[in-house]
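Reader: I'm new to reading protein structures. Could you walk me through this one, a feature at a time?

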Amino acid sequence: CSPNDAMSLAPLVSDYLRLNDPLDDICRSIDLDEHIRLAMNQYSGMRLLRQDPWECLVSFICSANSNIPRISSNMTSLAAAYGNKLNLDEHSSYSFPSPHQIFQAGEQRLRELKLGFRAKYVAGAAKFVSYGEIDLDSLKKLNYEESKQTLTLIAGVGQKVADCVLLFSLEKLQACPVDRWVRRAMEGWYLIEPNLSYEQISSWAINRWGPFTGYAQQYLFQQKRLEISN
């Protein structure tokens, strides 16, 4: 952020934290039962983020069969190896590398950063975006189904990764990523039949909570994850 002043940074922070989302109205619209109500009360004020689409895409490709510490390590390693160095007084960091910077690095160098099998997909996505086969920002203008179908053209991007990218960076607030925590919440609290497909659970949720399903998903995810962890 240096050397910008606080006044110029405020809109950027507000945008990233989605502070302009009408959270009270959103919560009222998804307040349909005791489970979501409890989650919203317990984690009052929790919002989604509006992340950079490219960085968001890479982070969720790296999330395959991984965990948060490893994903964080992968992203930090990518930035340190191929991003641009940033300095703020005595502190140093790195910007996240562009698609072209990662494409130039190539799969083998990504494997050396301990991305494992994910290196192939990150390199492939970088090539896909670098060559203009997909314009991530343009997906904001497409409807949910069209943008999801486009994202899944990228190798390594399945339905869950696509929904995460759509929800957290491409303005598709009806997207409902279904991971193990969300599946447990749906089966335990809403008596969804076990072994339903990803598509069936996601469609059920969207039919229930509508255009703000992503917010409902996030509250339920947090509630179930921490309930089990504790």
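Reader: How many salt bridges does a search of the whole structure find?

Author: General idea to begin with: side chains of opposite charge can pair when their charged atoms come close. The rule used here is a side-chain nitrogen of Lys or Arg within 4 Å of a carboxyl oxygen of Asp or Glu. Searching the whole structure that way turns up twelve salt bridges. Keep in mind that this is a predicted model, where local features need pLDDT of at least 70 and side-chain atom pairs count only at pLDDT 80 or more, while totals for chains, interfaces and linings use all residues. Residues are numbered from 1 along each chain as its sequence is written, and side-chain values use heavy atoms, with hydrogens and water left out.

Reader: Okay, which residue forms a salt bridge with Arg50?

Author: That's Asp15, with the closest N and O atoms 3.0 Å apart. The pair links distant parts of the chain, 35 residues apart: Asp15 sits in helix H1, and Arg50 in the loop between helix H3 (34-42) and H4. By the way, helices (H or I, at least four residues) and strands (E, at least two) are DSSP runs, numbered from the N terminus.

Reader: And which residue does the side chain of Arg18 meet in a salt bridge?

Author: Glu171, at 3.2 Å from N to O. Here the partners are 153 residues apart, with Arg18 in the loop between H1 and helix H2 (23-30) and Glu171 in the loop between H10 and H11.

Reader: Is Arg18 buried or exposed?

Author: Go by relative accessible area: buried means under 20%, exposed over 50%, and partly exposed in between (1.4 Å probe, protein chains only). Arg18 has 3% relative accessibility, so it counts as buried.

Reader: Where do I look for a salt bridge inside one helix, and how far apart are Glu187 and Arg183 in helix H11?

Author: Those two do form a salt bridge, with the closest N and O atoms 3.7 Å apart. They are four residues apart in helix H11, so about one helical turn separates them. Glu187 is partly exposed at 24% relative accessibility. Elsewhere, salt bridges that share partners join Asp15, Arg18, Asp21, Arg50 and Glu171 into one network.

Reader: Now helix packing. At what angle do H4 and H10 pack?

Author: Two packed helices are described by the angle between their axes and the distance between the axes. Axes are lines fitted to C-alpha atoms, for helices over the stretch in contact, and angles run from 0 to 180 degrees between N-to-C directions. Helix H4 (residues 53-61) and helix H10 (residues 159-169) pack at about 150 degrees, with their axes 9 Å apart. That makes H4 roughly antiparallel to H10; the cut-offs are under 35 degrees for roughly parallel, over 145 for roughly antiparallel, 65 to 115 for roughly perpendicular, and oblique for the rest.
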